[in-house]
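This note is meant for a colleague who is meeting the structure for the first time. Please keep the sequence and the model open while reading.

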Amino acid sequence: YIKRLRITLVDIQSKNNLVINKDLSGGFGTSSNYGNNFFSKILIRAKKNSVKIPIMMFGYLAKIFQENCHEVELLTTNKIANSDLYIIYSSLIEHNSEIKFAKRIKKETNAKVCFVGPFATFKPDIFLKYADFIIAGEPEQVCMKITNDWLPQGLVFAKKIEDLDTLPYPNWNPFDINSFCYSHYLNSDNVFTTMLTSRGCPYSCSYYCPYPGFQGKKYRTRSVSNVLDEIEYLVTDYNVEGILFRDPIYSLD
């Protein structure tokens, strides 16, 4: 018998006056600030209501933990949950808030803290002091091995997923999928989410682009049947009407 872990995926956003999407800009995140006057506040509210994209990595991890019989939830506030393991998504734009929350977890609970994401991959020294472990790179293979009897320690370099068809489809149940929106192309009442059909980018924009360092330069694709099956899964299980493909370089093939 393997004891189930209570795992909390953390996506906190402290800056209420900004429009924040952590999964954009290669996973470093974007924030939009239009100022503090009356019209700026209208723009901020409009942007918040028109573009809200989930952290796709968390969708995959939620499914992996579910398949391994762990309890999993998503946390988007600064409220401490009753959890054994907190997995905090690291972003360039909110890393100070993410570290502050990790310090609270260590002070107020006995839970373990993990950081994932491109920013912690490139700058692990910023986070190591406040974490029990950091997963650098694609975290899925490491998270598949997590049990009550085994957790990583320190800085762990994850292997790339060579066969993307072996990944399960993301579990969006812990998320408020009805809050996802991309109103540039869809009405706000359309159920919408994101998908990946490939990972990696073979080009050499390494000085500013996080994709080659995080996902690698080897271009990996899912099979057509695997992609179509996920689309059917999204329509059947979540009534999805619109999909945004988030591949690093969707048009390469």
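1. Basis of the note. The model is predicted, so local features need pLDDT of at least 70 and side-chain atom pairs count only at pLDDT 80 or more, while totals for chains, interfaces and linings use all residues. Residues are numbered from 1 along each chain as its sequence is written, and side-chain values use heavy atoms, with hydrogens and water left out.

2. Overall form. The protein has 253 residues and a radius of gyration of 18 Å, which agrees with the value near 18 Å for a compact globule (taken over C-alpha atoms; the globule rule is 2.2 Å times the number of residues to the power 0.38). Its C-alpha trace spans about 50 × 50 × 40 Å along the principal axes. The secondary structure comes to 8 helices and 14 strands (DSSP runs numbered from the N terminus: H or I of at least four residues for helices, E of at least two for strands).

3. Burial and contacts. Of the 253 residues, 51% count as buried (under 20% relative accessible area, with exposed over 50% and partly exposed in between, for a 1.4 Å probe and protein chains only). Among contacts between residues at least 6 apart in sequence, 70% join residues at least 24 apart (contact means heavy atoms within 4.5 Å).

4. Helix H2. Helix H2 covers residues 56–67 and reaches 17 Å from its first C-alpha to its last, close to the 16 Å expected (1.5 Å times one less than the number of residues). Because 10 of its 12 residues are buried, H2 is largely enclosed by the rest of the structure. Among the buried residues are Met56, Met57, Phe58 and Tyr60. Cys69, which follows H2, has a positive phi near 70°.

5. Ser97. This residue lies in helix H3, residues 95–108. Ser97 counts as buried because its relative accessibility is 16%. Leaving aside residues up to four places away in sequence, Ser97 touches Ile12 and Ser14.

6. The largest pocket. About 490 Å³ of space lies in the largest pocket. On a 1 Å grid over the protein atoms alone, a pocket is an open set of points with protein on both sides within 12 Å along at least five of seven lines, a cavity is a set where a 1.4 Å probe fits but cannot get out, and lining residues have an atom within 4 Å of a point. Grid points are joined across faces, edges and corners, and a volume is the space filled by probe spheres set on the points. Of the 22 lining residues, Asp11, Gln13, Ile20, Lys52 and Thr76 lie nearest the centre. Strand E2 (19–21) and strand E4 (51–52) each supply at least two lining residues.

7. The second largest pocket. Its volume is about 240 Å³. Thr197, Arg222, Val224, Val227 and Tyr250 lie nearest the centre among its 13 lining residues, and helix H8 (residues 224–238) gives the largest share, 4 residues.
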